Each structure stands twice: as C-alpha cells, then as structure tokens.
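Open the model in your viewer and keep the selection tool ready. This tour goes stop by stop, from sheets to helices to single residues.

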Amino acid sequence: MEYLSFEQDRKYDLILLGRIAIDFNPLDYYKTLAESETFRKYVGGSPANIAVGLSRLGKKCGFFARVSQDRFGEFAVNFFKGEGIDTSHIRTCVNGESLGLTFTEILSHDESSILMYRNGIADLALCPEDIDEDYLKESKAILISGTALAASPSREAALKAVALAKKNGLRVIFDIDYRAYNWKNEDEIALYYCAVARDSDIILGSREEYDLTERFLGLDGTDEASAAYWCAGQASVVVVKHGREGSTAYTRDGNSYSIRPFPVEALKEFGGGDGYASSFLYGIFNGLEMMDCLELGSASASMLVASHGCSPDMPTVEELKAFIKKEKEQYGEMVARVE
C-alpha cells in the first residue's frame, strides 16, 4: 500500500543532510572507557548510518555535509564511495573544523554510554550556500536530521533545504535525532524542531523527542495526541519509538500499527534506531504495507544492537529476510507483531 507518493523520475531515492562522525567502539567489552585499550573505527552519525543502511538495501542516496580536511574526512568520504553513496555534495571545511569523535562504552548487555567530542565541529559548518537546488531536484525525498538544527550555519542550511524540497516536490523526512550537545536550551530545540516537523511528510522520533518538539503546542504528551496533531498538518506517517517496548506508526487515515523488537542477545544499546530508520524507509519507498515496513525496521534494529558496529553492519535485503525467517522459526510467526 502506498502511504504517500514519490516522484518516480528522480535519480536518487533520498538525499540526507547532517552529521557524519567517527565512532570508536571498544573491542575489550564490559570495561569502562578508562579501562578500555583497543577500539575499532567506523563511520558514524545518524544520517550517515541511515544512508549506508538504505544503500545496502539497494536505494540510491546522496548527501549534503561538511567533513574535516584531514584523514578522518578522507576516511568518511571513501567509505561512502565504497557503499555507492554519492559524495559530490560532501565538502571539506576550510576553517579547521573537525569531524565529531564518538567513544562508546559497552559495560554490559544492558548498559552502554557515549562520550562525544564536538567542539569546532565539521557537520555544523554546513552552510546555506552548500544546498544546491538542482541536486535536490534529482531526488524523491530529503531527510533532515535534528542535530543539523542545533547551531548556525547548519540550521539555516537545513531550513533552506526543506524550503527547496517543498518547492520541487520532494517528500521531507524528519528524523528528530535529539542529542543534547550543541543546543543552548529547550526553547531553542522546540522552535527549530517544530519548524521542520510542520513541513515533514514522515516524522520519526522517541516519546522524549516528540515532547521536546511539542513544548509550546499544548498537547497532552500522548502518542495519539502527537500523531493527530502532525497528521492534521503535513505528515502522512508519524512513528513513535519506545525502545524495548517497540514502536507504533500512525497514518493520516487514522490507523495505527504497532510492533515489538525481535528478541536478540544485545551487545550494545546504541545503533538500533539508525537501522530501524533505514529499513523502515526502504519499505516506505517500496510501497509495502505498514506492518511490513515496521517489521523490517524492527528486525534491522535488533540486528544492529547485536552487532559491534553500526554503519558496516547494516544488513542487506537478503540478510534482513533471513533474520526474520530465523526469528519466526524460533519464536513464532507473530513474534514481533502486535497489530
């Protein structure tokens, strides 16, 4: 079923905008960062991970971003090229900005934390002049990551991209992607999140992220109220994620669809949301039924929390299908569905 239509004569399925970072995940598990000595390096950042995930699933992606003019920037761009992601609009910084560095701490199956270095950061140096309208015209949709709204000039670049997307018939996807870093206060968060959400066709976020977005709207803080408000405006699909409790997609026609996570032995707590977004959006682009979109998203999320990395461990379509088949054989046909 098609929940929203896309312009089909476009080169790219999705152009993403926002954060590219470097993740360092420990190889000596269940130690503090003070005790860890060995790490593996990955390309990270939520929109970067989603781009890789969609590319692995056969979708064509482009990207608006700034990266550092050093070996880390080179590493990120080369990784994207290897994944088939267009890098023609990923530009290097000219004032010495650095890619964000993320050091993860995996203390147990249930406890992880992240230490981030984000001073003089490259992704927030994206500027309005970087947003090319002709490039946007080649895409079916654009994805805005909420972190891109945290500071200027990146926030103006994001708002320009949304305005040009609306002008040129692109669907706008908003991954709220709240991270506390770089924001000054919750009023500022609400103003910019709300500005993008009001122009978005698909919104993805946790309950906390919707609460931040809706700070001034006088809603009652329930998922149903959030869905009703946004679907009464531009949104066709509103997804509310509740971590281990699962997620629910609300559609403009008033229906809702819920799913639980597939059971796995988790290695870490992070990365699942990016896997979820990429596989869920793959289903949306392919016109699948909403429960099938949710099933793909939930499966990818479970696979990612059970893996060591994020971007390099994004599954292919065949791997997703094999995982779902195996889980259903072990736990039952309706293991994740709660229709």
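**Stop 1: the four-stranded sheet**

Select E3, E2, E6 and E7: in that order, these 4 strands form an open sheet with mixed pairing. Strands (E, at least two residues) and helices (H or I, at least four) are DSSP runs, numbered from the N terminus. Two strands pair if DSSP finds at least two bridges between them. E3 and strand E7 (112-117) stand at the edges. Each has a single partner strand, so one side of each is left without a neighbour in the sheet. From one strand to the next, the twist averages 25°.

Before moving on, note that this is a predicted model: local features need pLDDT of at least 70, side-chain atom pairs count only at pLDDT 80 or more, and totals for chains, interfaces and linings use all residues. Residues are numbered from 1 along each chain as its sequence is written, and side-chain values use heavy atoms, with hydrogens and water left out.

Stay with E2 and E3. They pair in the antiparallel sense over 6 bridges. Which residue in E3 is the bridge partner of Phe24? Pick Lys41 to see that partner.

H2 lies across E2, E3 and strand E6 (100-106). H2 runs at about 65° to E3. Such angles run from 0 to 180 degrees between N-to-C directions, and axes are lines fitted to C-alpha atoms, for helices over the stretch in contact. Contact means heavy atoms within 4.5 Å.

**Stop 2**

Select Tyr30. Tyr30 lies in the loop between strand E2 (21-26) and strand E3 (39-44). Its phi is near 60°, a positive value in a residue other than glycine. Buried means under 20% relative accessible area, exposed over 50%, and partly exposed in between (1.4 Å probe, protein chains only).

**Stop 3: the nine-stranded sheet**

Clear the selection and show the other sheet. Its 9 strands form an open sheet in the order E5-E4-E1-E8-E9-E10-E11-E12-E13, and the pairing is mixed. Strand E5 (90-92) and E13 stand at the edges. Each has a single partner strand, so one side of each is left without a neighbour in the sheet. Neighbouring strands here are turned by 15° against each other on average, direction ignored.

Bring in helix H9 (residues 290-305). H9 packs on the sheet and touches strand E11 (237-241), E12 and E13. Its direction makes about 30° with that of E13.

Strand E12 (residues 247-251) and E13 pair in the antiparallel sense over 4 bridges. Thr248 stands opposite Ser258 in E13, and Tyr250 stands opposite Ser256.

Show the side chains of E13 (residues 256-259). They alternate. Tyr257 and Ile259 point to one face and are buried.

**Stop 4: a cis peptide bond**

Select Ser152 and Pro153. The peptide bond between them is cis, with omega near 5°. Pro153 lies in the loop between strand E8 (141-145) and helix H4 (154-167).

**Stop 5: two helices side by side**

Select H4 and H5. They pack at an angle of about 20°, with their axes 10 Å apart. H4 and H5 are therefore roughly parallel to each other (under 35 degrees counts as roughly parallel). The contact is made by Arg155, Leu159 and Val162 of H4 and by Glu188, Tyr192, Ala195 and Val196 of H5. By class, this contact has 5 nonpolar, no polar and 2 charged residues. Ala, Val, Leu, Ile, Met, Phe, Trp, Tyr, Cys and Pro count as nonpolar, Asp, Glu, Lys and Arg as charged, and the others, Gly among them, as polar.

**Stop 6**

Pick Asn182, in the loop between strand E9 (171-175) and helix H5 (186-197). Asn182 has a positive phi of about 75° although it is not a glycine. Asn182 is partly exposed, with a relative accessible area of 27%.

End on Leu191, found in helix H5. Leu191 is exposed, with a relative accessible area of 53%. Leu191 and Asn49 are 142 residues apart in sequence and 26 Å apart in space, C-alpha to C-alpha.

Conventions: Parallel < 35°, antiparallel > 145°, perpendicular 65-115°, else oblique.
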